[in-house]
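Subject: Structure for you to look at

Hello,

Here is the structure I promised. Please open it and keep it beside this email as you read.

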Amino acid sequence: MSGKQIKRVSLGVAVLTGALALTAAGTAEAATTRCGTGDLAVSLGEPKQLEEATGQYDVPLTFKNISSKTCGLHGVPGVDLAGPDDPNGPVYHLPRVDNGVRVNEVPPGTTATATVTVLSPAEGSVGSGGSTSWTPSKLVTIPPGETEALSADWPSGLPVLRQDAATRPGSWVNGILADPPAS
């Protein structure tokens, strides 16, 4: 073989090796089945006021893998806040912000969390449709890739300013992040 032929063969082997490595990585990601609604339990953590935004709170939305197998949980869950009647109706559908992780394996008994950010009304504030004071009674969520919902009781002391018609509302749901391992 000439020097050019050896370089071509070496280049071909390097390209093939890289392609196989990418295929193997893609297969490893796909090997973990996405968590189904029946694999999960959901709970809400304590609201925490944001220092940089007066009246805005983060509420942890935690998904626990209650199945006996590791499953994948990534993306942004659907979140509706349900409560009493309001000029906008009894359900506030929160917009999604896809800022979570692309791949997230959740072993049995462990959790992953999305954060729900909400804006509470300030004195004299008026939301969409004339809404002034609305406190949800529960959060209804659909895990990413699923169609069945889970629900959790909303913190009773946390009212939400309804901004159903706003282009940049002060309430939304963030993508799912892996929780740190328990120590």
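Predicted model: local features only at pLDDT ≥ 70, side-chain atom pairs only at ≥ 80, totals over all residues.

Strand 10

Start with strand 10, residues 138-142. In a regular strand the side chains alternate between the two faces of the sheet. Strand 10 has a covered face with Leu139 and Thr141. Its uncovered face holds Lys138, Val140 and Ile142.

Strand 10 pairs with strand 5, residues 78-82. The two run antiparallel, and five bridges link them. Look for Asp80: it stands opposite Val140 of strand 10. Strand 10 is also joined to strand 11, residues 150-153. That pair is antiparallel too, with four bridges. Here Lys138 faces Asp153 of strand 11.

Thr117

Next, go to strand 9, residues 111-119, and find Thr117 there. Is Thr117 buried or exposed? Its relative accessibility is 3%, so Thr117 counts as buried. Buried means under 20%.

The side chain of Thr117 makes a polar contact of 2.6 Å with the side chain of Asp58. Another polar contact, of 3.3 Å, links the side chains of Thr117 and Asn174. Beyond its neighbours within four places in sequence, Thr117 touches several residues, including Leu50, Gln56, Tyr57 and Trp172.

Rings

What lies over the face of Trp134? Arg162 does, at 4.4 Å from the ring centre. As for aromatic pairs, the structure holds zero.

Best wishes

Technical notes:
Residues numbered from 1 in each chain as written. Heavy atoms only, no water. Phe/Tyr/Trp six-rings, centres within 6.5 Å; stacked < 30°, edge-to-face > 60°. Lys NZ or Arg CZ within 6 Å of the ring centre and 35° of its normal. Buried < 20%, exposed > 50% of the residue type's maximum accessible area, 1.4 Å probe, protein only. Pairing = 2+ DSSP bridges. Polar contact = N/O pair within 3.5 Å; in protein donor to acceptor, adjacent residues only side chain to side chain. Contact = heavy atoms within 4.5 Å.
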